[in-house]
Amino acid sequence: MSPRPPVPPFTQETAVQKARLAEDGWNTREPEKVALAYTVDSRWRNRAEFINGREQIVAFLTRKWHRELDYRLIKELWAFTGNRIAVRFAYEYHDDSGSWFRAYGNENWEFDSEGLMYARHASINDLPIKETERKFHWPSGRRPDDHAGLSDLGL
């Protein structure tokens with residue numbers, strides 16, 4: 001596999017870039033594409049679920065985006081050092097009954113020398129919201145550059 005820049009060791013600029021690239025990838029809601037950012041033997045903890053390798057990542061994301069409809073995600077760099085990045089994030093979605101939610105969380109990432117993530121630890125909480133309380137309003141896909149981030153939205 002070819003490198004996935006930026007690669008460690010991270011700087012402020014490259015850590016912000018890596019977080020935005022991860023956000024962009026997840027906002028595609030394409031499990032096979034997203035999985036390519038992770039090593040073939042990547043290990044995840046997502047809430048209480050443990051996921052190992054790309055095949056399980058694809059299966060997990062496929063299930064996730066069948067349940068979490070009209071998904072919109074924003075990630076923001078929290079901290080970084082060497083080959084590690086910590087982000088905080090929020091995403092909005094609705095279920096098949098039309099109930100809306102905003103999920104808040106933190107992720108700790110660890111990368112190999114090629115810039116592929118080999119460890120992801122996510123802690124996430126869901127909050128039911130009214131549709132009128134939504135803050136993430138952009139067409140499906142990448143968040144526009146001029147759309148407010150988490151801090152700007154007071155999240």
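Colleague: Which residues does Tyr91 touch, not counting residues up to four places away in sequence, and what makes a pair a contact?

Modeller: Contact means heavy atoms within 4.5 Å, and with that sequence exclusion Tyr91 touches Arg47, Lys64, Glu68, Tyr71, Arg72, Leu73, Phe101, Arg102, Ala103, Ile124, Asp126 and Phe136. This is a predicted model, in which local features need pLDDT of at least 70 and side-chain atom pairs count only at pLDDT 80 or more, while totals for chains, interfaces and linings use all residues. Residues are numbered from 1 along each chain as its sequence is written, and side-chain values use heavy atoms, with hydrogens and water left out.

Colleague: Which members of the largest nonpolar core touch the most other members, and what makes such a set a core?

Modeller: A nonpolar core is a set of buried Ala, Val, Leu, Ile, Met, Phe, Trp, Tyr and Cys residues joined through side-chain atoms within 4.5 Å. The largest has 30 residues, and Trp26, Trp44, Leu61, Ile85, Tyr91 and Trp109 touch the most other members. At least two residues of this core come from each of α1, α2, β1 (38-46), α3 (53-67), β3, β4, β5 and β6, where helices (H or I, at least four residues) and strands (E, at least two) are DSSP runs numbered from the N terminus.

Colleague: Why is Lys75 called buried?

Modeller: Buried means under 20% relative accessible area, with exposed over 50% and partly exposed in between (1.4 Å probe, protein chains only); Lys75 has 7% relative accessibility and therefore counts as buried. Lys75 lies in strand β3, and its contacts, leaving out residues up to four places away in sequence, are with Ala19, Ala22, Glu23, Arg88, Phe89, Glu107, Trp109 and Arg143. Lys75 and Val16, which are 59 residues apart in sequence, are 9.4 Å apart in space, C-alpha to C-alpha.

Colleague: What joins the side chains of Lys75 and Glu107?

Modeller: A polar contact of 2.7 Å joins these two side chains. The term stands for a pair of N or O atoms within 3.5 Å, where within protein one must be able to donate a hydrogen and the other to accept it, and residues adjacent in sequence count only if both atoms are side-chain atoms.

Colleague: Why does Thr14 count as buried, and what lies 2.7 Å from a polar atom of its side chain?

Modeller: Thr14, which is placed in helix α1, has a relative accessible area of 18% and so is buried. The backbone nitrogen of Thr11 lies 2.7 Å from a polar atom of the Thr14 side chain.

Colleague: How many cavities of 30 Å³ or more are there, and what makes a space a cavity?

Modeller: On a 1 Å grid over the protein atoms alone, a cavity is a set of points where a 1.4 Å probe fits but cannot get out, and lining residues have an atom within 4 Å of a point. A search of the whole structure finds one cavity of 30 Å³ or more. The largest cavity has a volume of about 50 Å³, counted as the space filled by probe spheres set on points joined across faces, edges and corners.

Colleague: Which residues line the largest cavity, and which element gives the most to that lining?

Modeller: The lining consists of Trp26, Asn46, Lys64, Tyr71, Leu73, Lys75, Phe89, Tyr91, Glu107, Arg120 and Ile124. β3 (69-81), β4 (84-94) and β6 (117-129) each supply at least two of its residues, and β3 gives the most, with three.

Technical notes
1 Å grid on protein atoms, 1.4 Å probe; cavity = no way out; pocket = protein on both sides within 12 Å on 5 of 7 lines; lining within 4 Å.
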